[in-house]
Each structure stands twice: as structure tokens, then as C-alpha cells.
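Here is a short briefing on one protein chain. Take a look at the structure first, then work through the points by topic.

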Amino acid sequence: MKKLLVIIICFCCSIVYGQNSSKKTLTLNDAINIACDSSLSAFKNKNLYMSAYWQYRNFKADMLPSLTWNITPIEFSRYLTMRYDSEDNIDIYREQKSYSTGTGLKLNQNFIPLGGSFYIETNLNYLKNFGDNTYEQYSGVPIMIGYSNQVLGYNSFKWDRRIEPLKYERNKIEYISNSEQVSIETMQYFFAAISAQMNYQSALFQLNNCDTLVAIAERKMKYLSVEKSDLLSLKADVLSAKNRLSQTIIALDKARSELFNFLRINDFNDIELVMPESPDSIEFDLNLAIEMAKKYSTSILEQQETILEKERQLDEINKTTRFNASVSASVGFNQVAENISGVYKDPLEQDLALISVQVPLLDWSKGKGKRNIAKNELEISKIEIEQRINKIEQDVINYIAEISTRREILINNYKVLDLAQEVYQQQIKKFQNGNLDVTSISMAQSKLETAQSDYLSSISEYWQCYYQLRKLTLYDFENKISLSEKFDFENL
């Protein structure tokens, strides 16, 4: 591979860039790291994950006690109300004015085993009426303990405890998978720019060679060792090379702009792209790859979440279509007095118990229909997850086989490029010695350009196939570690 780098760099880059030490270089790994950190796709991916993260935090907070302070600083009302005048035996309207304020604390704890909520509450209120009979009162509840459960039998908390962690895990995996997709997009931009850069270098090299061949042919014309038609053909090649160079400059500017805009790099004029090296031989354990793909597949996790949602829906329908019940009970004290201290003297006991039940007697089998629909949807979801598992297994097998083939093609294209370079150099020497015609030179140059293009395509296709496998399995086969295990979500 070092030999190839010498060929590519010395053969092309030295002509284009000279020995300019101020040039900065950008490798494929550098571009991927920048894209995963600074690109708009990475920014969107991060915010989607953070949204899921805070949603999961809210779920965990719902399982903890909550303390709420309710306060009504001012409530003033003035209105006309109907009163009975006993002296005249008539109803009359009188103006009513009042001012009130109140405050209270409520401690609430969701009780997961039953699906209800326990609470402890205390409050204090003040009321003052204005008018002919001005008076003021304090009322309060020193303490109240209660429990409420909206639906008897169906426990939403139990299902949330099963579904929400899975949903959060799926979002974590989606974040890593989306990051791998950013890497794939980066490679597409990078190799497009590398291809345009090499085409430009090749076009410039071709123009210089054409100029050199014309100069050689003009010298040989003096000795009649070159036909005039060959010289004219070489001059035509110079014009064609100039046109090709102009076209490659346009394509190079466009490809570089697209790459660096994707990376959100504004000043990129002094950045030179470095051709990626051929990959080292990587061992792919098929069984491990399939295991990782099943474990970290967003498609499978999403379907598992769907199955849990369908099971929750079926459980809720089973327990609400036959009867619906709510339970509420509380025990506490209350008191009314003309001052605050009186509210807390000899409080009166306050009890509340409520059980409400709804039983459908005639629903024309609507409840049965809902239960059957929910069962059918659940069975469909279970079948779909089997299909997704089978597809993922087959995709892993196909990618590993394709990577092996791509590597063989890459090695062969490297050898072809090496041979094409050697043949071209020999043809140049033969032409200089007068043992070769112009047509053979053109054919050798065309084969060299084709070999360079094929090599670039093969290395691009190899790396894209490899990263597609990484995205599918979320496994780093080079370092033999799970991408999920090495990712630090806490410091995201």
C-alpha cells in the first residue's frame, strides 16, 4: 500500500500542489469525526435523543413522590345575587362583595402495584364578605390522607414500567444508528470530492504530458522520425486536455463545497483531501454479527415496543369493556373559625369514600369486537417481528459476503493500477526512443486513468459496505467492541 501511495501522491499531487507545506490535510476518519460532531444531521440527531432522554426522565419522576404548593393570593368578586325579603315576602337583588385567599400543600405518591395514588393534603383558606353584614372566616384542613384509583383492575403504571425503559433503549440505539448513517453520508461526500480531486490531478498531469509529447514530436519532426499527422494529433490532444481540465476544476469546486458545507467548515481552500488506504484484513464472526444485529436492531426494538403496546391495549380493553370502576377514599379533619388559631382547635373529622361502577348490559358486542381487534393486531405484530429477525439475519450474511468480495476486487484493482503505471512509464520511454506511435501512448494513458478510477470506486464501495454492516450490527469489527458499550451517553 505504501507503494501505491507513492504512485498516487508523487504521480499526481506533486504536480498539483507542489511542496506547499502550508496545506492542511483531511482524512476520511477526520471527516467522519467532524460530521458526527458538528454537522446539521448530527445536531438534529442529538436533539432527538435529548428529547427522548427527558421524556424518560419525566417517566422516572412520575414514580417518585411529588410535592405541590397551591396558592390563590387574591380572589375578589362583586355581583348581584337574589335574596328573599321576609318582611315584604318578595325576592330582591342585593349587591354581594367578597374577598378570599388560600393556600395548600399536597404530597402525592403513585402506588405502582395497584395503579392508584396516595396523597397527603393540608390547606388553609380565608373569606371576608363586605356589605350590611360584614364578616370574615378562616377554614382549613389540618391534614387529609387519601387514595384514588380511576380504573379498578387496569394498571397503567405497571405497563409504563415495562414500555418506557424499552422505548428509551430504542432511542439510544437509534442515536448510534443515526450517527453511523452520518458516517455513511460523509463517505459519499468525501469520495465524491476525492474522485473530483483525482480527476483534476489526472487532467493536469495529462495536459503536462501532452505538452511534453508535443515538444518531443516537434524535435523528432526535424529528423523526419514523426509524421506531421501524429504531431497534429498530439496538438489536438493538448486542446482536449485543456477542456477536460476546465471541466474537472468546476466539478472539483462543486464536490469540495458540498463536502465542507456538510461538515460546516467555511474556510477550506487550504485543505487537501487524503486518499484513504486500503483496509487491513478484518475478521468477521458471522454468529457474533447476527447476535449483535438482533440485539441492537432498531427495527426489532421498535417491534418489541409495538407488541408491548398492543398487549397493554388488550389488557385495558379486557378490564374496561366488561365493567369500569373508580375508587376514592380519604380520612382527615377540617374546621371553621374566626381566626387562624381556631382552625386548628378541636378539628372535626372528615371522611369520604366513593366507589363508582359502570357495567355495560347491552353494548351490541362492541366490547367483544374491540377485544378481538386487539388480539388480531397483537398476533400480527408477533408475526412481523419474526419476519424482521429473518431479514436482518439475511442482510448480515449478504453484507459479510459482499465485503469479502469487495476486498478481493480492491486488491485486484490495486494490482491493475500498479501494472498500468508501470506500462505507461515504459511506453513513454519507447516513444522517446522512437519505438512507439502516438496511438499506443494514448491507449496506455487511457488504461492508467481507468485503473485509477476503478481503484477509487472499489475502495469507496468497500468502506461504504463496511459501514453499512456497522450500522446494521452497531459493532466495531476492527476494534472488536460494541458501539453501544463504548458510547458515553452521560457526557453527550
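Two strands count as paired if DSSP finds at least two bridges between them. Keep that rule in mind for the strand pairs below. The model is predicted. Its chain has eleven helices and ten strands.

**Overall shape**

- The C-alpha trace of the chain spans about 145 × 50 × 40 Å along its principal axes.
- The radius of gyration of the chain is 40 Å, whereas a compact globule of 492 residues would have one near 23 Å.
- Of the 492 residues in the chain, 39% are buried.
- Take the contacts in the chain with a separation of 6 or more: 77% of them join residues 24 or more positions apart.

- Strand E5 covers residues 135-149, and strand E7 covers residues 324-337.
- E5 and E7 run antiparallel, with nine bridges between them.
- One of the paired residues is Asn149, whose bridge partner in E7 is Val327.
- E7 also pairs with strand E8, residues 348-358.
- That pairing is antiparallel too, and eleven bridges hold the place of contact between E7 and E8.
- Ser328 has Leu354 as its bridge partner in E8.

**The hairpin of E2 and E3**

- Strand E2 (residues 66-85) pairs with strand E3 (residues 90-111) over 18 bridges, in the antiparallel sense.
- E2 and E3 form a hairpin, with four residues between them.
- In the turn, Asn89 has a positive phi of about 55 degrees.
- Which residue stands opposite Trp69 in E3? That residue is Leu105.

- Thr68 lies in strand E2.
- Leaving out residues up to four places away in sequence, Thr68 touches Gly104, Leu105 and Lys106.
- Thr68 and Leu107 are 39 residues apart along the chain, yet their C-alpha atoms are separated by 6.5 Å.

**The largest pocket**

- Rolling a probe the size of a water molecule over the atoms shows where empty space is left.
- The largest pocket holds about 500 Å³ of space.
- Its lining has 18 residues.
- Nearest the centre of the largest pocket lie Asn33, Cys36, Glu180, Arg470 and Lys486.
- Seven of the lining residues are nonpolar, five are polar and six are charged.

**Cavities**

- How many cavities of 30 Å³ or more does the structure hold? There are two.
- The second largest cavity has about 30 Å³ of space.
- Ala52, Gln55, Tyr56, Glu164, Lys167, Tyr168 and Asn171 line the second largest cavity.
- The elements giving two or more residues to that lining are helix H3 (40-62) and H4.
- H4 gives the largest share, four residues.
- The lining of the second largest cavity divides into three nonpolar, two polar and two charged residues.

Note on methods. Residues numbered from 1 in each chain as written. Predicted model: local features only at pLDDT ≥ 70, side-chain atom pairs only at ≥ 80, totals over all residues. Heavy atoms only, no water. 1 Å grid on protein atoms, 1.4 Å probe; cavity = no way out; pocket = protein on both sides within 12 Å on 5 of 7 lines; lining within 4 Å. Points joined across faces, edges and corners; volume = space filled by probe spheres on them. Nonpolar A, V, L, I, M, F, W, Y, C, P; charged D, E, K, R; others polar. Rg over C-alpha atoms; globule rule 2.2 N^0.38 Å. Buried < 20%, exposed > 50% of the residue type's maximum accessible area, 1.4 Å probe, protein only. Contact = heavy atoms within 4.5 Å.
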